[in-house]
Amino acid sequence: LKNMEEAAHQQSNCGPEEVSVQSTYSLLHLTGLSWGNKDAPIKVLALHGWIDNAATWTPFARALFNTNTNTTTNTNTDNTNTASDTDSAIHASSDDVHFIAVELPGHGKADHKPGHFVYYQIDWVPDIIALVDTLGWTKFHIMGHSMGAAIATVVAGVFPDRILSLAVVEGLAPWIGKEAEFAKDLRKAVDANPKLLHLKPGVYPSVEAAATKLAGNVRGLTMESALLLVNRGTKEVEGGGVAFMHDTKLRCQSHARMSELQVQSCLEAIACDVVVGLGSDGFFHAATNAVFAEVYPKRKAVLERRVRVTEVTLRGGHHAHMDSPHTLVPPVLTLWRNAHHKQSTTTTTASSSS
């Protein structure tokens, strides 16, 4: 009975709660979901992928805080470093971890950029720093999926003194532009974007219909995961049906991308340990993205020369963190705890010497 009461208390304190913070940089409101105690010593910021929202981290947060009993069986039979989905003995207390899944401008319930201003990945970096400054987080852990993984990698490289650990799923640093093709790529974006600026969000007769469409468009995305994303990412519209709330300007092409040399400078500056989660049917293992399959081993090698990198194979596709959250929790929670212990030891040593 005592264990049942403790479990009920744990679930009631974990959340999620809605988050809305105005960025002191862009003045746009960033939204999201928060789990755990705001005074918890381990503070984590999780970033979503392109056109996704904070619900992308709901299965992970549930597994992290053990707030549901749904587990799946890992059917991966190869000999890579794959944890078992039933290996869910490691969980966090709501008093241990404060976990925020943020929605960046243009996504989910967050504000959109005004007018015809389009989105660039590195523009979200100062918004992220403005957010954690407002929260009072001097040092924190960061993680991300896909586009969020790319942005998290840049943040970890630009602010190595503030990032305690980095965890990424299906991504490691941004997609690059080839320097020799800059003129052609810029012309392509300038020609294409005026047409994309006036896109209207599609209207679907129901949440289920929107989820079916999303699952059909994203390789390996299950209907269960699609429903989580769609339930948060749509709104009812006049006349009936639902429409996605994300800014259609997110589909505009970038005028310029980082070069691989710029990416390498971020990777070389990262000073924390890293966990990389790769879907068994995702970008790398299933070679569904030729660019990522080519650059990932090189980028991982750069990190391994400086920090510890733990690679975990997750059963699933590009959204494997939603499919196999119980596989991802143990290595990530270990990463956080080790980094927190290291920070605490360093702080104690510094205090003693002074």
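**Two loop residues and a helix pair**

Isoleucine 51 sits in the loop that joins strand S3 (42-47) to helix H2 (58-64). The model is a predicted one. Look at the backbone here. The phi of isoleucine 51 is near 65°, a positive value, and the residue is not a glycine. Most residues other than glycine have a negative phi. Is isoleucine 51 buried or exposed? Its relative accessible area is 16%. Buried means under 20%, so isoleucine 51 counts as buried.

Alanine 173 lies between strand S6 (163-169) and helix H5 (182-196). Alanine 173 also has a positive phi, about 75°, although it is not a glycine. Its relative accessibility is 7%, so alanine 173 is buried.

Next, turn to a pair of helices. Helix H6 covers residues 207-217, and helix H7 covers residues 223-233. Their axes come within 8 Å and cross at roughly 120°. How are H6 and H7 oriented to each other? At that angle they are oblique, because 65 to 115 degrees counts as roughly perpendicular and over 145 as roughly antiparallel. The crossing of H6 past H7 is right-handed.

Which residues make the contact? H6 supplies Val207, Glu208, Ala210, Ala211, Thr212, Leu214 and Ala215. H7 supplies Met223, Ala226, Leu227, Leu229, Val230 and Asn231. Sorted by class, the contact of H6 with H7 holds 10 nonpolar residues, 2 polar and 1 charged.

Technical notes
Residues numbered from 1 in each chain as written. Predicted model: local features only at pLDDT ≥ 70, side-chain atom pairs only at ≥ 80, totals over all residues. Heavy atoms only, no water. Helix = DSSP H or I, 4+ residues; strand = E, 2+ residues; numbered from the N terminus. Buried < 20%, exposed > 50% of the residue type's maximum accessible area, 1.4 Å probe, protein only. Axes fitted to C-alpha atoms, helices over the stretch in contact; angles between N-to-C directions. Parallel < 35°, antiparallel > 145°, perpendicular 65-115°, else oblique. Left-handed = near helix turned anticlockwise from the far one by under 90°. Contact = heavy atoms within 4.5 Å. Nonpolar A, V, L, I, M, F, W, Y, C, P; charged D, E, K, R; others polar.
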